[in-house]
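Okay, thanks for coming, everyone. I'd like to walk you through one model today, starting with the parts to be careful about and then moving inside.

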Amino acid sequence: MEKRTTFLPGRWLATPWLKQSPYVCQVLASFQAVFGRSRLMGLAGGSEVPSHSDVNYHWFSRVRIHVPIITFPESDIYCHDQSVHMAAGEAWVFDNWKMHRVVNPTTQFRVHLVADTVGSSLFWKMVQQGLDTESNESSRPLVEFNPGVAPPLKFELVQCAGRDASV
């Protein structure tokens with residue numbers, strides 16, 4: 001079995017695929033945060049991510065943002081004792097130190113933009129505003145695509161299991 005390495009020495013940089021995805025860059029930039037790993041995560045129809053928690057040192061100072069791109073009402077994330085359907089275009093963070101799992105009982109492929117961040121003061125202010133919103137509707141509008149706009153993204157400078165430095 002191949003061993004997967006999560007932490008590689010060196011600086012986080014935008015991949016060629018991210019550079020060729022201006023809308024994804026615009027969505028990420030809208031969070032006004034410093035990013036580590038970001039990717040599109042797919043889950044085939046009829047699949048499940050088993051129950052687990054993310055409790056290694058990496059998660060001590062980071063959260064994971066989920067932005068569903070292709071999803072279905074039947075696809076849920078279960079975290080601790082709650083389940084939630086994350087609708088397309090919404091942005092979610094949850095306590096991934098708690099046991100969580102994902103279920104996609106449909107026959108369709110489900111895709112989320114997933115980005116790990118150490119945040120920023122503006123990011124945490126957005127999170128707090130989301131928590132303070134009484135309705136289920138977001139107080140923040142969807143990010144509209146602006147052709148030709150390539151916003152700068154901030155990435156962590158060092159990826160390691162110990163202390164991390166960020167831009």
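pLDDT, as you know, is the predictor's confidence in each residue, from 0 to 100, and by contact I mean heavy atoms within 4.5 Å. Residues 161-167 are also below 50, but there the model has 19 contacts beyond near neighbours in sequence. For the chain, mean pLDDT is 83, with 82% of residues at 70 or more.

Quick housekeeping. This is a predicted model, so to speak of local features I need pLDDT of at least 70, and side-chain atom pairs count only at pLDDT 80 or more, while totals for chains, interfaces and linings use all residues. Numbering runs from 1 along each chain as its sequence is written, and side-chain values use heavy atoms, with hydrogens and water left out.

Now the layout. We have 3 helices and 8 strands, taken as DSSP runs (H or I, at least four residues, for helices; E, at least two, for strands) and numbered from the N terminus. Along the sequence the order is α-α-β-β-β-β-β-β-β-α-β. Of the contacts between residues at least 6 apart in sequence, 78% join residues at least 24 apart. Buried residues are 32% of the 167 in the chain; buried is under 20% relative accessible area, exposed over 50%, partly exposed in between, with a 1.4 Å probe and protein chains only.

So what covers the buried residues of helix 2? Those residues, in a helix spanning 22-30, are V24, C25, Q26, V27, L28 and S30. Their cover includes helix 1 (16-19), strand 1 (34-43), strand 7 and helix 3 (121-132).

Staying with that helix, have a look at E144, out in the loop between helix 3 and strand 8 (154-155). Its C-alpha is 8.5 Å from that of V27, although the two are 117 residues apart along the chain. Beyond four places in sequence, E144 touches Y23 and Q26. Still, E144 counts as exposed, because its relative accessible area is 64%.

Just after helix 2 comes Q32, with a positive phi of about 50°. Q32 is partly exposed, at 42%. H80 has a positive phi too, near 60°, and is a residue other than glycine. You'll find H80 in the loop between strand 4 and strand 5 (82-84), and it is exposed at 55%.

Back to strand 7, residues 110-119, where D116 sits. Buried or exposed? Buried, since its relative accessible area is 0%. Its side chain makes a polar contact of 2.8 Å with that of R64. For a polar contact I take a pair of N or O atoms within 3.5 Å; within protein, one must be able to donate a hydrogen and the other to accept it, and residues adjacent in sequence count only if both atoms are side-chain atoms.

Last stop, the cavity. The largest cavity is lined by T71, S75, D76, I77, V84, M86, R110 and H112. Strand 4 (76-79) and strand 7 are the elements giving two or more residues to that lining. A cavity here is a set of points, on a 1 Å grid over the protein atoms alone, where a 1.4 Å probe fits but cannot get out; lining residues have an atom within 4 Å of a point.

Conventions: On a 1 Å grid over the protein atoms alone, a cavity is a set of points where a 1.4 Å probe fits but cannot get out, and a pocket is an open set with protein on both sides within 12 Å along at least five of seven lines; lining residues have an atom within 4 Å of a point.
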